[in-house]
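Trainee: I have a new model open and would like to learn how to read it. Could you take me through it, feature by feature?

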Amino acid sequence: MADQSTSSTSSAAERVSLEVHIARLREILGPALANRRSETLQLHPQVPQGAHSQGCAAGRVSAAAVTAPVALPGFDNSQMDGFAVRLTDVPEAARPFSLPLGGVAPAGAAAGELPAGQCMAVMTGAPIPAGAEAVIPVEQTTEGFAVLNALRCGDEVSVHFTETAAEQVHAGRFIRQRGSDVAAGETLLREQQVLTPAALGLLAACGISQVEVVERVRTLVVATGQELRQPGDPLRTGELYDANTPLVAAVCHGFGHTVHTATVASDEPDEFQSAFQDLLARHRPHLVITAGGISAGAFEVVRQALSAQGVRFGAVAQQPGGPQGWGLLLGSAGPAAMVALPGNPVSCAVSLETLLRPALASLDPGCPPQRRIWTTVGEPLSSPAGTRQFRRVELSTGDDGTPTALPVGGPSSHLLGHLARAQALLELREDDTDVPAGTRREAILL
Ligand SMILES: Nc1nc2c(c(=O)[nH]1)N[C@H]1C(S)=C(S)[C@@H](COP(=O)(O)OP(=O)(O)OC[C@H]3O[C@@H](n4cnc5c(N)ncnc54)[C@H](O)[C@@H]3O)O[C@H]1N2
Ligand code: MOO
C-alpha cells in the first residue's frame, strides 16, 4: 500500500500542463496500442435484417497497404449519353452535319468497331467502340434518341448533329479513359488509414471484398468506490448510483474501442487488487480506465493498490479533472496502458476530452480528434490563475456568425446535470482570471 502522507496531488508545484500530461499518456499508449493484432473483415458483411454486424470494416484502420489489382475505369467508356464518332467524319468548321447510325454500343459488352463514316449510339458508362475518338452528347443532335426506334425497325437512319457539335468536338471529348481514376498496381490504401465510406467503395470497385484491419483497442472501464450502487439497488445514506461506467464506456465507444466495464465497489486495496487482476486476466485490455480513488483522501483505493505496480499519480493544471494517474501495466498478455481518472463524473468526462482523446487521436487514426470552434464568451467569467478551466456552455449563433458561449452552471465537478445540458467545453486559459463578455475563446464540442 502506498504511503498516503506523501501523495498529495494538488500542490501548485506538482501540477503539469495539459500538454505535458498528454505526452505522458502518449508514452504509455504507444506500446499498448502497438500490442494489437490484425484481423480480416468483409468490407460489408451481409447480415440478416435486424442483426447487428460486428464485422463491418467502416471506420476501422488498415493493417496493411492495399494495391489496385485492376485499373479504374477498367475500359474506355462514355461520359455522356450520345454518339461516338471518328474526328475525320466531323467537319472542321462549325456547321450542322449528318452521319449514318451504325448501331448501338451495348452496355456490359465490347462495342465492336465503329465503321468509318458512321456514328454509334453510346450510353453513359458503355464501352467506347474501337476507332471512336469522341462522344457527342445527345443534346447536340436534332432528333435525339428517337432515331434508335427507326434503327430497330431496320430502317437506315442518319443522326443530324448541330453546328455546336462540330464546334466543340475534340479528341477524347466525353471519353473516360481506362485507368484515368486508378492505375493497376497503384496504392489504394496505405497502412494505418481509416476505412472511410469512399475507401470502402474504392476497394469494392476494384473487386476486393475483404480487408486487413488493426484490432480495435480493447478498453476495460472500472468504476471504484464503496459508495457505488447499481440501478435498482436501494440507496442508503452516503450511497449513489454509478454514473461513470456508462459515461466512460460511451466515450470509449466513440473512440472506436471495444469496451468492457466493471464496478468494483470496495475501498479495500487488497479486495480491489484481486478483483482488478481478475478483470485484467479475463478481458486482456490494451487500455484500462479507472474512475475514482486517486486524490488525497484516506481511502484512495486505486492509488493505494496500483502505486506499487508502477502507476504514477499527479495533478494537471486543469479544472475539472486535476488529479490524474497513469502507467503501463506489464502483464502476460502484453503491455496495457493504465489511465486513472478522478471520480467526479464531470472530472472524468472532461479528462477524457481534454487529455485522453488528443493522446489517442495522435496515435490511432481511428479515434476521432477533438473538435474545436471559436466562440464569443456570452457573460463575464472568472477562473483561477494558472489553471486551464473548462466551463460547460450552451452555444447560440451570434450576430457575426461566431457562436456565443453561455455558461451552464458553475465550474464544480459534481454538476453532471449541467454537463448533460452543455454542448461544449469553453476553454479559459491559465492567465484568464477575469474574462469580460465578448472575449473570443475556443471551445471543445461535446
Ligand atoms: N484534499 C484534497 N481533496 C481533494 C482533492 C485534492 O487535491 N485534495 N482533489 C479534488 C478533486 S479536484 C477531485 S476531481 C476529486 C477526485 O477524487 P477521486 O478521484 O479520489 O474520486 P473519489 O473520491 O472516489 O470520488 C469523487 C466524487 O465522485 C463521486 N464518484 C466517484 N465515482 C463515481 C461514480 N462511478 N459515479 C458517480 N459518482 C462517483 C464520489 O462519490 C465523490 O463524490 O477529489 C477532490 N478532493
Ligand atoms: O479536478 Mo476536480 O476534477 O476539479 O473536481
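Mentor: Gladly, and let's begin with a term: two strands pair if DSSP finds at least two bridges between them. Keep in mind that this is a predicted model.

Trainee: Which residue in β20 is the bridge partner of Arg312?

Mentor: Trp326 is the partner of Arg312 in β20. The strands involved are β18 (residues 312–316) and β20 (residues 323–331), which run antiparallel and are joined by 4 bridges.

Trainee: How many residues link β20 to β21 in the hairpin?

Mentor: The hairpin joins them through 2 residues.

Trainee: What is the strand order of the open sheet?

Mentor: Its 7 strands follow the order β1-β18-β20-β21-β17-β13-β16, and the pairing is mixed. The edges are β1 (15–16) and β16 (258–264); each has a single partner strand, so one side of each is left without a neighbour in the sheet.

Trainee: Let me try another strand. Which strands are joined to β5 by bridges?

Mentor: Strand β5 (residues 82–85) is joined to β7 (residues 119–122) by 3 bridges, and the two run antiparallel. A further 4 bridges join β5 to β8 (residues 134–137), again antiparallel.

Trainee: Now for the whole chain. How many helices and strands are there?

Mentor: The protein has 9 helices and 28 strands. Its radius of gyration is 32 Å, well over the 22 Å that the globule rule gives for 446 residues, so the protein is more spread out than a compact globule. The C-alpha trace spans about 100 × 55 × 40 Å along the principal axes.

Trainee: How is the chain divided into domains?

Mentor: Domain 1 takes in 18–35 + 216–362, domain 2 takes in 38–44 + 55–72 + 181–214, domain 3 covers 77–176 and domain 4 covers 372–445. The centres of domain 1 and domain 3, taken over C-alpha atoms, are separated by 68 Å.

Trainee: What share of the residues count as buried?

Mentor: Of the 446 residues, 36% count as buried. As for contacts with a separation of 6 or more, 72% come from residues 24 or more positions apart.

Trainee: Is Val61 buried or exposed?

Mentor: The cut-off for buried is 20 or more other C-beta atoms within 10 Å. Val61 has 21, so Val61 is buried. Val61 lies in the loop between β2 (38–42) and β3 (66–67), and it touches residues including Gln192, Val213, Asp364 and Gly366.

Trainee: Finally, which residues are around ligand 2?

Mentor: Gln319, Pro320, Gly321, Gly322, Pro342, Asn344, Ser347 and Ser413 are around ligand 2. By class, this shell holds 2 nonpolar and 6 polar residues, with no charged residues.

Key: Residues are numbered from 1 along each chain as its sequence is written. Chains are lettered from A and ligands numbered from 1 in the order in which they are written. This is a predicted model: local features need pLDDT of at least 70, side-chain atom pairs count only at pLDDT 80 or more; totals for chains, interfaces and linings use all residues. The radius of gyration is taken over C-alpha atoms; the globule rule is 2.2 Å times the number of residues to the power 0.38. A residue is buried if 20 or more other C-beta atoms lie within 10 Å of its own, exposed if 12 or fewer, and partly exposed in between; C-beta atoms are placed from the backbone. Two residues are in contact if their C-beta atoms, placed from the backbone, lie within 7 Å. A residue is near a molecule or strand if its C-beta atom, placed from the backbone, lies within 6 Å of it. Ala, Val, Leu, Ile, Met, Phe, Trp, Tyr, Cys and Pro count as nonpolar, Asp, Glu, Lys and Arg as charged, and the others, Gly among them, as polar. Domain bounds come from an automatic or database domain assignment. Lists of a residue's contacts leave out its neighbours within four places in sequence.
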